[in-house]
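Colleague: I'd like to go through the charged pairs in this one. Can you take me through them?

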Amino acid sequence: MQLRYAVTGLVVTLALAGCQPTAYDYSSNSPSAAPAPLTAQPVPSVQGGQLPPPSGSSQFPAAPASASSMPGAQPAVAANALDVTKESMVGSWRVNGSCDMFLTLTNLGSGSRGGTRGCVGELTAMGSWEVAGKQVLLKDRSGNAIGSVYKTADNRFQGQTNTGQPISLSR
């Protein structure tokens with residue numbers, strides 16, 4: 001029994017004897033220990049001058065005919081949209097019958113925390129949401145709107161993302 005203790009002590013002593021610091025000693029004052037300084041590279045001079053005027057008849061492109069036709073525009077709330085409260089939105093929702101959306105009342109920026117599981121497209125970036133009038137705005141993790149929905153019936157919402165992807169929420 002004592003032999004086992006002696007062997008264990010010997011193994012520990014040998015293991016500790018092999019441990020030596022391997023870090024570089026920066027406190028030495030020998031000139032050969034410090035790395036040589038790098039030489040500076042030449043830099044070309046900077047030139048200044050006036051740029052020529054832009055070619056073409058107008059400095060800016062023509063404005064689109066209608067803002068509602070733009071992919072990033074939020075859809076108008078339907079005339080038959082029902083009133084919605086923040087509290088009624090909390091919980092789990094089925095999105096387009098294929099993925100899940102979870103909405104909480106935990107504050108996150110100007111909205112509340114939310115997220116999706118199994119969704120595709122812009123909805124994968126959803127991080128928060130908020131109620132604005134009769135709409136529910138869906139936002140990314142930076143607080144930018146990625147889409148909106150409005151209430152069409154009890155436990156049913158319809159809308160779209162900024163790129164036009166339809167959104168249908170139900171439970």
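Modeller: Let's start with D83, which is exposed at a relative accessible area of 59% (buried means under 20%, exposed over 50%, partly exposed in between, with a 1.4 Å probe and protein chains only). This is a predicted model, where local features need pLDDT of at least 70, side-chain atom pairs count only at pLDDT 80 or more, and totals for chains, interfaces and linings use all residues. Residues are numbered from 1 along each chain as its sequence is written, and side-chain values use heavy atoms, with hydrogens and water left out.

Colleague: Which side chain does D83 meet in a salt bridge?

Modeller: K134, at 3.8 Å from N to O. A salt bridge here is a side-chain nitrogen of Lys or Arg within 4 Å of a carboxyl oxygen of Asp or Glu. D83 sits in the loop between α1 (2-17) and α2 (86-89) and K134 in the loop between β4 (126-132) and β5 (135-140), so the pair ties together parts 51 residues apart in sequence. Helices (H or I, at least four residues) and strands (E, at least two) are DSSP runs, numbered from the N terminus.

Colleague: How many salt bridges does that rule give?

Modeller: Four.

Colleague: New topic. Is D100 buried or exposed?

Modeller: D100 is buried, at 15% relative accessibility. D100 forms a salt bridge with R117, with the closest N and O atoms 3.2 Å apart. R117 is in strand β3 and D100 in strand β2, so the pair ties together parts 17 residues apart in sequence.

Colleague: What do salt bridges that share partners join into one network?

Modeller: R94, D100 and R117. The R94 and D100 side chains meet at 2.9 Å, N to O.
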